[in-house]
Amino acid sequence: MAGKKVIKYVYSFGAGKTEGKADMKQLLGGKGANLAEMSGLGLPVPPGFTITTEACARYYKKGPKALFSSIESQIDNALARIERSLGKTFGRGPKPLLLSVRSGAAVSMPGMMDTVLNLGLNPSTVKAMITLTSNERFVMDSYRRFIQMFGDVVLGVDHHDFEAELDAVKKKCRATLDTDLSAEHLADVVNRYKRLVKKKTGKTFPDDPRAQLIAGIDAVFKSWSNPRALKYCELNNIRGLLGTAVNVQAMVFGNGGDNSATGVAFTRDPSTGENKFFYGEYLVNAQGEDVVAGIRTPQQITIKGSRKWAAAQGIPESKRKKDFASLQERMPKAFKQLDAIRVKLERHYRDMQDLEFTIEDGTLYMLQTRNGKRTAAAAVRIAMDLIKEKLITEKAAVLSIDPNSLDQLLHPVFVKSSEEKARKLTSGLPASPGAATGQIVFSAEEAEIQAAENRPVILCRIETSPEDIGGMAVAKGILTARGGMTSHAAVVARGMGTCCVAGAGDVKINYKAGNLTVQGVKLKRGDWVSLNGSTGAVYRGQIATVEPKLSGPFGKIMRLADKYRKLKVRTNADTPFDTRAAVRFGAEGIGLCRTEHMFFEGKRIIAFRRLILVAETVKTLRGKLTLAEGEEKKVLEKALKAPLKQYRQALKELLPLQRKDFVGIFKALQGRPCTVRLLDPPLHEFLPHDTAGQKEMARLMNVKPADVKHLVESLHEFNPMLGHRGCRLGLTYPEVTEMQARAICEAAAAVKGSKPEIMVPLVGHVKELVDQKTIILATIKAVEKEKKTRLNVLIGTMIEVPRAAMTADAIATEAEFFSFGTNDLTQMGCGFSRDDAAKFLGEYVERGVYEHDPFQVLDRDGVGRLVEIAVRQGKKTRRDIKLGICGEHGGDPDSIEFCHGVGLDYVSCSPYRIPIARLAAAQAALRG
Ligand code: PEP
Ligand code: MG
């Protein structure tokens with residue numbers, strides 16, 4: 001059509017002009033963009049082309065036919081470029097061009113989508129390749145690999161069926177390893193494979209290279225929506241991508257003999273972040289998939305790394321040199337070149353890189369570079385080191401770390417003495433750090449079932465594959481018998497922050513029998529084992545754990561975060577113990593001290609139940625008294641006496657206990673502010689609902705069990721979350737507010753420098769606040785007089801009822817601070833019950849109604865709007881009103897960014913999320 005703009009769907013690299021760049025990830029995918037960038041840098045990249053993610057989107061929108069009709073000529077042109085640059089021809093001799101076809105989305109999704117290698121082989125090109133290479137065995141091996149991959153990925157024949165054919169040939173000729181098979185054996189495998197394809201699909205295996213190529217590209221696009229890829233996106237919260245790109249690249253062979261190899265390397269240690277030596281693994285005479293699949297355990301690329309590895313495995317130096325030599329020793333020239341590329345790429349990308357390379361008959365080729373996945377410990381160390389090396393700025397370092405990943409650093413490690421006493425069974429590779437204790441399971445499904453019952457599980461597999469991802473996500477630890485540091489298990493576990501020991505070769509797993517044997521010890525499903533992912537040790541039984549240290553690079557990055565953040569970070573804590581932990585993590589105060597938890601401990605629950613028992617009676621009699629006169633009044637006054645005494649007695653018993661709690665907390669805070677929330681939950685939450693419990697309560701309170709039962713029934717509410725709770729309790733039972741205010745004030749008088757902030761919950765109308773404030777103010781005054789001191793107490797409210805948000809201007813006339821209770825504000829704002837919504841919210845998120853669970857990530861458009869209104873209205877009335885958030889969102893990075901944007905003063909979260917919040921707050925400030 002004349003004048004119609006042709007959309008460019010195909011970008012060439014390494015073949016003359018390179019058309020892409022690193023910053024084109026959205027269009028070319030991560031792999032494609034970086035291949036183009038490396039080509040641009042003059043690195044040895046086999047030529048190829050990338051079909052864009054836009055093509056993938058079109059594939060899904062218009063269908064394969066429409067897409068291919070618009071991209072075929074672009075593919076042909078790009079293919080011709082490769083042919084020209086290599087002097088090879090696709091589908092013909094004398095020098096046939098073979099291709100790899102790989103997926104590559106904008107976000108790296110290791111092993112989640114499909115790959116086809118050696119594409120272009122058929123009987124005629126096989127012949128030409130044999131003439132060309134004089135290596136029939138290698139060519140036949142490549143051919144059988146191609147049929148297997150193409151058969152599996154494109155034609156849908158199960159790879160186990162191919163394995164069975166291969167095993168049958170191996171058995172027939174008594175070969176143990178694939179490498180023991182001769183060219184003739186492999187020709188036999190090829191014929192069997194072809195027969196298998198015919199049997200399973202009813203069609204002959206395609207010989208036409210062009211048809212192979214189109215089908216290969218089609219299969220990669222299809223794999224974008226396979227269940228593994230979808231699950232990976234779901235687990236990693238990957239959304240909004242156009243699709244995958246397809247990278248078609250000239251094949252280079254690492255499996256052409258002993259002068260060829262393939263490997264994966266990290267420019268720094270991905271577990272610790274150390275930059276002591278070039279960290280990588282390789283296999284001689286192998287294709288790339290062999291390294292990541294974990295089928296053969298690879299060797300180290302440097303001498304240093306190799307020696308360290310051998311020492312851990314107890315292998316003497318002479319044997320190491322002979323059987324497990326490093327790349328540096330075996331292929332020094334290629335190693336030197338690779339080492340120089342390492343430095344060049346790190347300098348260029350200013351980050352740790354994850355590289356894939358192949359050495360074909362002594363010549364090095366780079367197949368991939370990307371920012372390497374790393375543990376949180378490594379991320380922190382690398383960021384701090386890169387500042388020192390002047391490769392990045394402080395700000396870039398702060399922005400380089402995923403706040404949620406810090407969680408990995410805050411988790412326990414083994415108690416040293418307990419670990420020393422534990423029975424060590426064996427060791428494997430320290431694939432992902434941390435400590436894990438749990439019960440053995442042998443499949444991902446089992447892991448998911450057991451974890452759903454809250455059992456800690458250790459997933460034990462010979463090796464893992466992408467199908468295992470669900471089970472890996474819920475396991476406390478992962479143990480594999482095969483595979484290296486870059487095996488699927490290792491890479492995925494590091495990304496998830498799950499402890500993993502990989503390649504523990506002594507462990508013999510028998511899936512059928514449901515057991516494993518290691519060093520003569522047989523362990524069955526359900527038995528306890530412990531893993532040390534930092535050393536690779538595997539122990540029998542359970543081992544105690546300790547909290548991690550927060551010093552070194554971690555402390556430094558936290559100090560940097562503090563330098564750049566504007567938001568303060570407080571904690572939600574209601575015991576001195578939690579408060580001390582929070583202060584260690586950097587809490588600048590308490591943003592929410594939920595006082596109800598204090599009523600459950602030991603004897604207190606008895607006093608509190610006694611109070612509830614008589615509170616109703618007192619309330620009723622008082623109501624009547626206000627109207628009564630004369631004789632009736634006297635009778636009522638008499639009737640009130642006993643319950644009132646009991647009521648006061650219960651309050652009297654509770655007061656010192658509450659005061660003691662506050663003293664402990666104020667001391668732990670050492671002058672930091674503390675927002676104490678008055679009693680919030682409905683009273684029936686404190687009563688026993690079972691018959692035995694009610695009988696016991698009746699015995700202790702000296703009443704009939706029927707009275708307790710009656711009380712429980714009378715307090716029953718159909719919708720307790722919207723019932724008699726929060727300040728509504730304070731309005732009905734003012735003495736409880738008074739007792740709590742007194743406990744806080746007396747504790748503040750006892751601990752110098754305390755800064756209590758008394759917070760009234762669930763206010764919806766300013767008059768509710770006025771009512772409670774009157775009691776609190778009177779109590780402050782009374783305590784000041786009694787203790788002859790001045791107290792520094794603020795009075796404020798939670799904003800957690802939509803009405804409060806909408807009338808924040810009025811509420812601010814009384815409140816000195818607002819703390820957004822976004823748990824309730826979400827409940828009431830979205831109309832989702834906090835107790836019941838989990839049943840259907842998953843579906844809401846899956847269908848994209850809400851992008852995230854609004855109880856985890858603040859719903860900016862709805863609940864966020866309420867927060868914005870309240871902030872604006874509140875500031876209009878009281879310019880310096882203190883603003884914070886204490887719902888669960890206070891520890892969520894995305895919500896923290898929102899809080900920064902609307903101008904809150906602080907966020908408050910559970911102690912273990914404080915470092916995450918500190919970093920997220922800094923990132924929000926730096927992003928502006
Ligand atoms: C809230 O509602 O956000 C809140 C912090 O209070 P709670 O979760 O105790 O209701
Ligand atoms: Mg609440």
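Contact here means heavy atoms within 4.5 Å. Helices (H or I, at least four residues) and strands (E, at least two) are DSSP runs, numbered from the N terminus. Axes are lines fitted to C-alpha atoms, for helices over the stretch in contact, and angles run from 0 to 180 degrees between N-to-C directions.

This is a predicted model, where local features need pLDDT of at least 70 and side-chain atom pairs count only at pLDDT 80 or more, while totals for chains, interfaces and linings use all residues. Residues are numbered from 1 along each chain as its sequence is written, chains are lettered from A and ligands numbered from 1 in the order in which they are written, and side-chain values use heavy atoms, with hydrogens and water left out.

**View 1. The whole chain, before we zoom in.** There are 36 helices and 33 strands in the protein chain. Its C-alpha trace spans about 120 × 75 × 55 Å along the principal axes. Of the 928 residues, 56% are buried (under 20% relative accessible area; exposed is over 50%, and partly exposed lies in between, with a 1.4 Å probe and protein chains only).

View 2. Follow the strands in the order S1-S2-S7-S5-S6, with antiparallel pairing (two strands pair if DSSP finds at least two bridges between them). Strand S1 (10-13) and strand S6 (115-119) each have a single partner strand, so one side of each is left without a neighbour in the sheet. From one strand to the next, the twist averages 20°. Four bridges link S1 to strand S2 (residues 48-51), and Val10 has Ile51 in S2 as its bridge partner. Now look for helix H1 (residues 25-40): it lies across S1, S2, strand S5 (99-105) and strand S7 (244-250), at about 120° to S5.

**View 3. Strand S8, covered on both faces.** In a regular strand, side chains alternate between the two faces of the sheet. Six of the six residues in strand S8 (residues 261-266) are buried. Ala261, Gly263 and Ala265 sit on one side, with Thr262, Val264 and Phe266 on the other. S8 runs antiparallel to strand S9 (residues 279-284), joined by six bridges, and Ala261 has Val284 as its bridge partner there. Six bridges also join S8 to strand S11 (residues 353-360), again antiparallel; here Phe266 stands opposite Asp354.

**View 4. A three-stranded open sheet.** The order is S20-S21-S22, and the pairing is antiparallel. Strand S20 (508-510) and strand S22 (521-524) are the edge strands, each pairing on one side only. Between strand S21 (residues 515-518) and S22 you can find four bridges, and Thr517 has Lys522 in S22 as its bridge partner.

**View 5. Gln923, tucked into helix H36.** You'll find Gln923 in helix H36 (residues 914-927). Is Gln923 buried or exposed? Gln923 has a relative accessible area of 4%, so Gln923 counts as buried. Leaving out residues up to four places away in sequence, Gln923 touches Val398, Leu399, Ile401 and Pro403.

**View 6. Val849, out on the surface.** Val849 belongs to the loop between helix H33 (838-846) and helix H34 (860-877). Its relative accessible area is 54%, so Val849 is exposed.
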